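The following note collects points on the chain shown below.

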Amino acid sequence: MAQISFENVSKTYPGGKAAALVNFNLNIKDGEFIVLVGPSGCGKTTALRMIAGLEDISGGTLRINDTVANEQAPRDRDIAMVFQSYALYPHLTVAENIAFGLKVRGIKTDVIAKKVRETADLLELTEFLDRKPARLSGGQRQRVAMGRALVRSPNAFLMDEPLSNLDARLRGQMRAEISRLQRMTAVTTVYVTHDQVEAMTMGDRVAVMNKGTIQQLDTPRRLYDKPANMFVASFIGSPPINFMEAAVVSHDGGPAVSCGDFLLPLGISGARLSPRIGGKVILGIRPEHLKVAPQSRSTGVLSAETSFVEDLGATLLLHMSGHGIAIGHANMVEDERDLMKTAPKLKALIDSSHRISRGDAIALTVDPSLVLFFDPETGVTL
């Protein structure tokens, strides 16, 4: 197995306006499943290709099992890669595709046959061994691509958005399948995706990347509960988080935040912030944390008007307009400041037992302990 570490690694492409990676530091533990996630152009695929030896390193050091790998040839790294496009040989059968990497290494025929059978059993491909890729479904082709990597028993797996060509149902199945195989084999795995659902459901740790740097490296749960900044908060979570500009005011002898008609006292047990009266703050409220409030409440209530309702079955996703409310998402912005320049919309994910239609006025409330607070100048979590 492999331990992989990046030490102040940088990458600049010839003629590039900005560096693809900037002082990139990451230590991947032996046997760990780590996910690199972020918007297009954040550097995640560049980092993966560096591990594979397919990308030159402009500066810094890459180590694989304590060996400096900057100049090491790809074939000497004992690393298997699974691509987005499957990259199967259409003229070969499933068995021949799985065995191909072993054949070129001169492994004995009887050993290859045994390994192919074992891998096919593990991936439930035994009945398809004589078929060619054209006669397989997308999910089966992806399993063949994984089998070709798995049969080699490599030091590490590298996966570059392997599920992006599958439909939603198959993606869910393959997420579980890849996670199961990784835990069974305990092979160090680096998985690249732009899909935060894949990142949250598969990785032991997740590195959220933007502009060639890691914004936060943590477990999925901590990324959701305690994001380091507005970028991470906006990228992790679906539907994306709501951001609201607010002023810190005095209310009943204690601090509160005021945003239009919305007043949230912070003296309530569980609130995370002790701000300076008169200052500014950005609130982060996840759609699933907003609840329909009794009309009789006067404080801690956010009034809005529903402009569109998505009926998702068990839940309703409400699109609303409110006072001083803006929402942004990491995929649509350049930096944290731009998150506050998008259309004044608010989203809430509520139980479908509520009967709400377009144009309805609605009152919402939130547990203060679930509200996130950000510095309006830096975007850093307070």
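Helices, as named in this note, are DSSP runs of H or I with at least four residues, numbered from the N terminus. The model is a predicted one.

1. Overall composition. The chain contains eight helices and 21 strands. Of its 382 residues, 50% are buried. Among contacts with a separation of 6 or more, 70% are between residues 24 or more positions apart. The accessible surface amounts to about 17600 Å², and carbon and sulfur atoms contribute 49% of that area.

2. Helix H3, geometry. H3 covers residues 109-122, which is 14 residues. Just after H3, Glu124 adopts a positive phi of about 55 degrees.

3. Which residues of H3 are buried? They are Ile112, Val116, Thr119 and Ala120. These residues lie on the same side of H3, because the arc they cover around the axis is only 100 degrees. The cover over them includes helix H2 (94-104) and helix H4 (138-150). On the face turned away from the buried side, H3 carries the exposed residues Asp110 and Asp121.

4. Helix H1. The buried residues are Lys44, Thr46, Ala47, Leu48, Met50, Ile51 and Ala52. Just after H1, Gly53 has a positive phi of about 85 degrees.

5. A nonpolar surface patch. Tyr89, Phe100 and Val104 make up a nonpolar patch on the surface, and their accessible area together is about 250 Å². Val104 belongs to helix H2. Its relative accessible area is 56%, and Val104 is therefore exposed, the cut-off being over 50%.

6. The loop at Pro287. Pro287 sits in the loop between strand E14 (280-285) and strand E15 (291-292). Leaving aside neighbours within four places in sequence, its contacts are Pro239, Pro240, Ile241, Asn242, Lys347, Ala348 and Leu349. The C-alpha atom of Pro287 is also 8.1 Å from that of Ile350, a residue 63 positions away along the chain.

7. The salt bridges number 10. One of them joins the side chains of Glu7 and Arg63, at 2.9 Å from N to O. Glu7 is in strand E1 (residues 4-11) and Arg63 in strand E4 (residues 59-64), so this pair ties together parts that are 56 residues apart in sequence. Glu7 is partly exposed at 30% relative accessibility, and Arg63 is partly exposed at 27%.

8. Further salt bridges. Glu177 pairs with Arg180, with the closest N and O atoms 2.7 Å apart. Both residues lie in helix H5 (residues 168-185), three residues apart, or about one turn of the helix. Glu177 is buried, with a relative accessible area of 15%, whereas Arg180 is partly exposed at 32%. Arg222 forms a salt bridge with Asp218, the closest N and O atoms being 3.1 Å apart. In that pair Arg222 is partly exposed, at 40%, while Asp218 counts as buried, at 17%. Elsewhere, salt bridges with shared partners join Lys11, Arg49 and Glu55 into one network.

Technical notes:
Residues are numbered from 1 along each chain as its sequence is written. This is a predicted model: local features need pLDDT of at least 70, side-chain atom pairs count only at pLDDT 80 or more; totals for chains, interfaces and linings use all residues. Side-chain values use heavy atoms; hydrogens and water are left out. Helices (H or I, at least four residues) and strands (E, at least two) are DSSP runs, numbered from the N terminus. Buried means under 20% relative accessible area, exposed over 50%, partly exposed in between (1.4 Å probe, protein chains only). Contact means heavy atoms within 4.5 Å. Accessible areas come from the Shrake-Rupley method with a 1.4 Å probe; for residues, only the protein chains shown count as cover. The expected span of a helix is 1.5 Å times one less than its number of residues. The arc is that of the directions from the helix axis to the C-beta atoms. Patches are made of residues with over 30% relative accessible area and no salt bridge: like charges are joined within 9 Å, nonpolar side chains (Val, Leu, Ile, Met, Phe, Trp, Tyr) within 5 Å. A salt bridge is a side-chain nitrogen of Lys or Arg within 4 Å of a carboxyl oxygen of Asp or Glu.
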